[in-house]
Protein chains: 2
Amino acid sequence: MQVYLNGTFLDQDKALVSVSDRGFVFGDGVYEVTRVVEGKFFMEKEHLVRLDEGLNGLKIDLDSDTKKQIPEISRELIKRNGQADDEASVYLQITRGAVWPRTHTFPDPPVKPTLYLSSGKFSPHTDLHQSGVDTIKVPDVRWARCNLKTINLLPNTLAKQQAIDAGVNSAVMVRDGVITESPNANIFGVRDGELYTYPASNYILSGITRSAVTTIAKNLGIPLHFNPIREDELYTFDELFFSGTTTDIQPINRVDGKVIGSGKPGAIVKSIQKAYSEMLHSL
Amino acid sequence: MQVYLNGTFLDQDKALVSVSDRGFVFGDGVYEVTRVVEGKFFMEKEHLVRLDEGLNGLKIDLDSDTKKQIPEISRELIKRNGQADDEASVYLQITRGAVWPRTHTFPDPPVKPTLYLSSGKFSPHTDLHQSGVDTIKVPDVRWARCNLKTINLLPNTLAKQQAIDAGVNSAVMVRDGVITESPNANIFGVRDGELYTYPASNYILSGITRSAVTTIAKNLGIPLHFNPIREDELYTFDELFFSGTTTDIQPINRVDGKVIGSGKPGAIVKSIQKAYSEMLHSL
């Protein structure tokens, strides 16, 4: 498998960065994961806009020429990896670059940011989309800038692992009494035929798939409220589901062993799955 | 300058890690910085205990043989770098290791953690210890596990840079109306001859120098209250200072342009500096 690193395509196991890279010592960087469906990049523009927001948020100055090359690099990468007509996911990471010695302050003058891309064959989790998944609730212990898609992902990895250790698929994170996100997806609830999700804020990532769901809700005439779901009203919802780039639209059957609605994927989530699948394949 | 990486001493600019290292893609690791004074490691045991707490907190399993070698590796490193009889700081980082492809869940079976050490000649900031420093207040946006010394350090680097951009030395972070820490040091206040600092909790790092200050306070007969300093009472304090491994004991003259006490290092902080300097050199 080939990856791209700072201007060069090379074998994944030969792609190395300095121990002084601020990605390695501070988690000082941003990332994106983009879906490729039948060789076409899904909502690529939205990912690039969010990437820019992340770079601006961290004040990482990637030169505009390199930035413009990202779509081309991404396409060359999936071509080299034999995924050009296939389902794939493309991972992109930009860090503030390598600087010695290590200091908290930004390098002055700035150094060249590190640009890393990898791709993998992607198999949608069709079985989970059909069956739905079980989850646990965990405290959302993340920082207060969750709107930035940074590589400071320890709380996310710990929450996901906690779910796996509990024998379930994922976690529903709770901050200040309300449901925020999963470790790697947004969350929607359905009650009396209407949708609810956490409003765009510094406490959630503004997901690209979340944005697709808002479009779908509008198209299907499903009212959508940008109101957070309170922990104490969670089990009054008829349906609950995750949305995410690699998660797609994934129904949640149980939280902490207690069923949501019928405990099976409901009518609304199925209609959204169908519409989302059509979006994915309409490129 | 030589560094140590996974069993090998090598030139810093040749020390490379995989792009798949979880330190690089998730900030999934812990670190320590230890002071070396006249070739002797200061409070080394305390640093190793805290390192263990961090590894346990993240469930990173570093084999006990490697762990036992850390003091020896550290000494060999400063020797190779010509710092064996000098003032130095030793940086140590352990990540969960490199695994491909990237997934949030821990590698199963586990992979070998990455062990990285570097050292640098250290010059205490004597001028700042004598003059005191100016600071700004910034919101403490860190996660809720600040007691773990992890490399998820983005909020710390951003706060430090915000201070530098504001033309001051560092920042005083505020969470829920109380002073927690600086981006890289603990904070103490003095009022009516008594000391105040944030209690050990998940919202601050339990600093090694903070621990030294508690010992010093006891020895000097200065009452110490583990009570947080409220933002709204900050300017009623007579003295304010940082404590940290590379910060030492650093008086704070101003916060957001307003003086603390006389706006100059006070009698209590000077007595603590003197006692701390004696501790550093009594090894």
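Chain A of this predicted model is superposed on chain B by a rotation of 180° with 0.0 Å of shift along the rotation axis, and the RMSD is 0.0 Å. That relation is therefore the one of a two-fold axis. The same surface serves both copies, since 100% of the contact residues of chain A recur in chain B. As for confidence, the model scores ipTM 0.97 and pTM 0.98. Chain A averages a pLDDT of 97, and 100% of its residues score at least 70.

Within chain B, an open sheet is built from six strands with antiparallel pairing, in the order β2-β1-β7-β6-β4-β5. Its edge strands are β2 (8-11) and β5 (40-41) of chain B, each of which pairs on one side only. Helix α3 of chain B, formed by residues 64-80, packs on this sheet. The helix touches β1, β2, β4 (29-37), β5, β6 (88-95) and β7 (114-121) of chain B, and its direction makes about 30° with that of β7(B). At one end of the strand order, β1 of chain B (residues 2-5) runs antiparallel to β2(B), and four bridges join the two. In this pairing, V3(B) stands opposite L10(B) of β2(B).

The packing of helices can be followed in chain A. Two packed helices are described by the angle between their axes and the distance between the axes. For helix α2 (residues 44-58) and helix α3 (residues 64-80) of chain A, the axes come within 12 Å and cross at roughly 135°. The helices α2(A) and α3(A) are therefore oblique to each other, and their crossing is right-handed. On the α2(A) side, the residues that meet α3(A) are E44(A), L48(A), L51(A), D52(A) and L55(A). Their counterparts in α3(A) are K67(A), I70(A), P71(A) and R75(A).

In the loop between β6 and β7 of chain B lies P101(B), which is joined to W100(B) by a cis peptide bond with omega of about -5°. P109(B) also lies in the loop between β6 and β7 of chain B. The peptide bond leading from D108(B) to P109(B) is cis, with omega near 5°. Elsewhere, the loop between β9 (170-175) and β10 (178-179) of chain B holds D176(B). Phi of D176(B) is near 50°, a positive value in a residue other than glycine.

Note on methods: Residues numbered from 1 in each chain as written. Chains lettered and ligands numbered in written order. Predicted model: local features only at pLDDT ≥ 70, side-chain atom pairs only at ≥ 80, totals over all residues. Heavy atoms only, no water. Least-squares fit on C-alpha atoms with pLDDT ≥ 70 in both. Contact = heavy atoms within 4.5 Å. pLDDT = per-residue confidence, 0-100. Pairing = 2+ DSSP bridges. Axes fitted to C-alpha atoms, helices over the stretch in contact; angles between N-to-C directions. Parallel < 35°, antiparallel > 145°, perpendicular 65-115°, else oblique. Left-handed = near helix turned anticlockwise from the far one by under 90°.
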